[in-house]
Every structure is written in structure tokens, then in C-alpha cells.
Amino acid sequence: MTTAMFQSEWVTPPVRGSSRRASSQWSEVIPIERSGWFVEMATAVLRLGKLEPNWDGSGSPPVSRVAIHQALRMLQAVALQEPPLPQVLPVPGGGVQLEWHVGGRELELEFLPDGLLVYLVVEPGTSPEEGQSQLPREDLVRNLVQRLARSTGP
Amino acid sequence: MLSTMTPRPDDNSINNEEDLWRRILPGWLHREPTGEVRPSSIAFRDVRSGEVSVHRATLATVDGVLGPYPADSLAAVEAAVPRAHRYTVASDPQPEDPSHCVLCSPDGRRNKKAERAMALAARWVLLRPEIVR
């Protein structure tokens, strides 16, 4: 498979030890056909890191490096699922939210400065489902995005 | 990060029908498939305190709230909406802003369902022209 690498200190912080470096290198690979999607999303997330203190006019601290790192990591994890482009939003208090609205379905993934993921799933005909988990949880995020994709398939 | 403090007591002098204004940043706008623009749910949260700043419409003016923020929009939600989700509506008058109130989530915990409900119930007082997705 043709691949392209997108490396960033935000996505993959430096690790000590050659064995960890060697084993983690393939987790950074994104197929070339999805690299545009990821680069666009990563750019939007990284842009949030430039917000100044009090960016919301109500005293919010800047968007935290932890939240940005986790958002990028989860975007990387779902890139292969070819989800639609989410809206990328800064959250008062220093978090990052990825938000999808697809065919009556909604998914909100909020990455908090303390490493917590809070999510909301809205599917037609059911009550909204809310949950939270300590990150990283690539499996959970992939499953949530997969549910969103049900409405976009044939 | 998430507050567990006891929410402030509800101010029952604020009627359920009274509009509460929330300032909406340009980056918090969302366009529905119908073309309608509404606030994102994150406009109704603050992970630091669990309290969301709003203004009593009866005591505020658009210029007074948006004056320092010329790019922002203003949305209104009736006090009944947060109360329906067990939020309290507490007066928090400031010397420079007697209209200031806060919406306090139950037990100081965040509630994404309630935040979304408030976003869906919001009506525009002033929507600035803005490119949104």
C-alpha cells in the first residue's frame, strides 16, 4: 500500500528508548489517499493552539497541549474510516471538540485539558447517549465514528 | 478539571419565560443541513467552573453585552430550558453589569445533553454574518 507519513510533535511526542521508537513507527502511517483529510484536520486543531489566554473574552486559558495532542491522536486513529470532515471547535477552559452532523446523526468528541474524553452520540429516534473515558481510547473513538458512518454508507 | 461544587441556588425572581442572553463566538456557530445557523453546544459550557455566564434580557442591552466583542453574536434561551435539565439560574450582578447571571449545572458536573438542548432551543438576538460550515 502506498503510504505517506505525517509526523508532528503533537501527534507523537518523543519517546525514550529505541524499541518504543521502532514499534511505534507504523502507527504513524496514514495512507496517501487519507493524508489530505488528516492534514486538513490537523491544521485546524493545531490552529487552536495559537489562541491567546482569554480568547473567549471570559478568561479562558489557552487550549491545552494535552487536549490538542489527544485530538490529533484520535483523528489519526479514525482517518482510515474515511469519516466526513468534523467541525473543530475550541472549548472554554482549554479543551478541543470535534463535532460531526451527518444525516440526522451527531457525534461530539470533547478532549479535556486533563486527558478526559467526553462524548455525545445522537441518533434518530433514540435518546442522546453521553459518556466519558480516560484517553487514549482509539477503540472507543473508532466505534463511535463507525456509528456515525452508518448513515453515510450505501 | 470538572467542578463538583454545589451549584448556586436558583433565583426564583427570574421567571421561566425570561430570556437569558449568551454571547456566541464566531467559532461556535454551526450550520444545519437545512441552512439554519445555530450555536454549537460548547457555547453552553465552561469546564473550569461548571457555570455559564449569561445576561438577563430585561436588564441588558445588545450594545452593552456585545460592545467589546464586535465579531460575536447573541443568542437567547428562556430560563425554563436550563431549569428543565436541573440547572439553576443564579443572579450574579457585577458592578459594571447588573444583568449578569450564571447557569449552574447540577452537582457542578457537566451535562452534554443539557448543553445540546440549550443550543437547540437558542434563538438569535443578533447573528453576525460569518462563514460557518
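**View 1. Helix α3 of chain B and what covers its buried residues.** In this predicted model, the cover over the buried residues of α3(B) includes β5 (105-111), β6 (116-122) and β7 (129-134) of chain A, together with β3 (37-39), β5 and α2 (80-84) of chain B. Helices (H or I, at least four residues) and strands (E, at least two) are DSSP runs, numbered from the N terminus. Buried in α3(B) are Lys112(B), Ala114(B), Glu115(B), Arg116(B), Met118(B) and Ala119(B). A residue is buried if 20 or more other C-beta atoms, placed from the backbone, lie within 10 Å of its own. Residues are numbered from 1 along each chain as its sequence is written, and chains are lettered from A in the order in which they are written. Local features need pLDDT of at least 70, side-chain atom pairs count only at pLDDT 80 or more, and totals for chains, interfaces and linings use all residues.

**View 2. The side of chain B that touches chain A.** Here 19 residues of chain B are in contact with 20 residues of chain A (C-beta atoms, placed from the backbone, within 7 Å). Helix α3 (residues 112-121) of chain B gives the most to this side, with three residues. By class, the side has eight charged, six nonpolar and five polar residues. Asp, Glu, Lys and Arg count as charged; Ala, Val, Leu, Ile, Met, Phe, Trp, Tyr, Cys and Pro as nonpolar; the others, Gly among them, as polar.

**View 3. The open sheet of chain B.** Six strands run in the order β6-β7-β4-β1-β5-β8, with antiparallel pairing. Edge strands β6 (88-91) and β8 (123-126) each have a single partner strand, so one side of each is left without a neighbour in the sheet. The twist averages 40° from one strand to the next. Strands pair if DSSP finds at least two bridges between them.

**View 4. β5(B) and its partners β1(B) and β8(B).** Strands β1 (residues 19-24) and β5 (residues 73-78) of chain B pair over six bridges, in the antiparallel sense. Asp19(B) stands opposite Glu78(B), and Arg23(B) opposite Leu74(B). With β8(B), β5(B) forms three bridges, also antiparallel. There, Ala76(B) stands opposite Arg123(B).

**View 5. Surroundings of Leu20(B).** Beyond its neighbours within four places in sequence, Leu20(B) is in contact with residues including Val54(B), Ala76(B), Val89(B) and Cys101(B).

How values were computed. Two residues are in contact if their C-beta atoms, placed from the backbone, lie within 7 Å. Axes are lines fitted to C-alpha atoms, for helices over the stretch in contact, and angles run from 0 to 180 degrees between N-to-C directions. A residue is buried if 20 or more other C-beta atoms lie within 10 Å of its own, exposed if 12 or fewer, and partly exposed in between; C-beta atoms are placed from the backbone.
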